[in-house]
Amino acid sequence: MEGFVFVLYYSNMKIAASVPAIRVYNLFGESGNLPDVVHCETIASRSVLHDWTLAVHRHARLHQVLVIERGGGEATLDGRVVPLRPMQVVNVPVGHVHGFRFEPDTQGWVLTIAAEILDEALLASEGLRGALSGSAVVRGTPQIRTTMKQIFAEHAARDFGRAHVLRALSAAMIGLVARALTSESGGNGITAESGLFRRFEALLEQHHLERWSVVDYAGALSITPTHLNRLTRAATGDTASHLILNRLIREARRNLVYTNLPVSTIAYALGFEDPAYFSRVYAAATGLSPRAFRAQLHGGEA
């Protein structure tokens with residue numbers, strides 16, 4: 001991956017003393033990979049273990065939606081302190097710093113969605129990614145509450161077709177949250193440069209295996225790398241280099257999950273000349289080596 005510029009998330013890794021003390025978790029207080037298609041739990045189940053206060057932290061590859069049913073408190077979202085009241089929804093995009101102080105016995109739910117699931121569900125042409133890219137607290141709706149309860153019930157069960165139903169319900173939930181966000185902001189989730197961002201996404205699908213850099217994508221779009229980064233931040237809250245890396249990691253995860261190909265073969269297919277270097281890049285981005293990730297999926301079997 002020589003010449004490929006990106007910033008690494010250090011989820012699940014030991015943090016050097018010089019790094020600011022904003023912890024990077026998957027679920028709060030946990031370092032393991034998200035163990036399911038999505039995760040859904042009550043607000044109380046985790047908050048009560050921490051005296052109803054979750055210190056500021058962020059998630060490297062997870063998007064969260066909280067629904068407050070009863071009680072409240074306050075949320076810290078990228079430095080802003082926002083009061084929480086019943087029937088409000090909190091949107092926390094991937095990588096955004098956030099924390100919570102709940103009133104004791106607050107009731108509601110937390111839905112955690114892996115970035116890969118969002119990648120599958122969000123079509124560039126619909127403008128949802130831009131709407132969901134900012135941390136916010138908005139008024140909930142009966143439909144959002146009902147959908148969240150369905151997700152919670154489905155997650156707790158082990159019925160046939162569970163993964164498919166969870167993906168479908170989660171896609172519905174993020175659509176409803178995006179609708180609520182744009183309704184309160186008075187927008188439609190589509191920016192003036194959304195067409196340019198869609199072109200970037202299309203180019204990313206076409207050329208991610210060719211290992212294009214930010215400069216390559218910017219050149220193909222006839223814009224500067226700085227402009228491209230502004231564009232991706234406005235649409236997703238993330239840099240172009242992160243999106244390029246995330247697309248490559250998502251392809252790697254698909255191969256690790258859905259094929260029996262050796263890690264070295266996957267590395268070569270993704271354009272890496274050195275499988276060991278691929279393993280280091282993958283571990284730095286996800287917190288697990290490719291072999292450890294695959295072993296975890298199969299209950300410890302390599």
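**Helix packing, step by step**

Author: In this predicted model, α8 and α9 are roughly perpendicular to each other.

Reader: Why are α8 and α9 called roughly perpendicular?

Author: Helix α8 (residues 225–236) packs against α9 at an angle of about 70 degrees, and their axes are 8 Å apart. Angles of 65 to 115 degrees count as roughly perpendicular, therefore α8 and α9 take that name.

Reader: Which residues of α8 and α9 meet?

Author: From α8 come L228, N229, T232 and T236, and from α9 come A240, S241 and L243. The residues of this contact divide into three nonpolar, four polar and no charged.

Reader: What makes α9 and α11 roughly perpendicular?

Author: The axes of α9 (residues 240–258) and α11 (residues 275–286) cross at roughly 105 degrees and come within 11 Å. The range for roughly perpendicular is 65 to 115 degrees, so the term applies to α9 and α11.

Reader: Which residues of α9 and α11 meet?

Author: L245, I249, A252, R253 and L256 of α9 meet F278, V281, Y282, A285 and T286 of α11. Eight residues of the contact of α9 with α11 are nonpolar, one is polar and one is charged.

Reader: What makes a residue of α12 count as buried?

Author: Buried means under 20% relative accessible area. In helix α12 (residues 290–297), the buried residues are P290, F293, R294 and A295.

Reader: Against which helices do the buried residues of α12 pack?

Author: The buried residues of α12 pack against α9, α10 (263–269) and α11.

How values were computed: Residues numbered from 1 in each chain as written. Predicted model: local features only at pLDDT ≥ 70, side-chain atom pairs only at ≥ 80, totals over all residues. Heavy atoms only, no water. Axes fitted to C-alpha atoms, helices over the stretch in contact; angles between N-to-C directions. Helix = DSSP H or I, 4+ residues; strand = E, 2+ residues; numbered from the N terminus. Parallel < 35°, antiparallel > 145°, perpendicular 65-115°, else oblique. Contact = heavy atoms within 4.5 Å. Nonpolar A, V, L, I, M, F, W, Y, C, P; charged D, E, K, R; others polar. Buried < 20%, exposed > 50% of the residue type's maximum accessible area, 1.4 Å probe, protein only.
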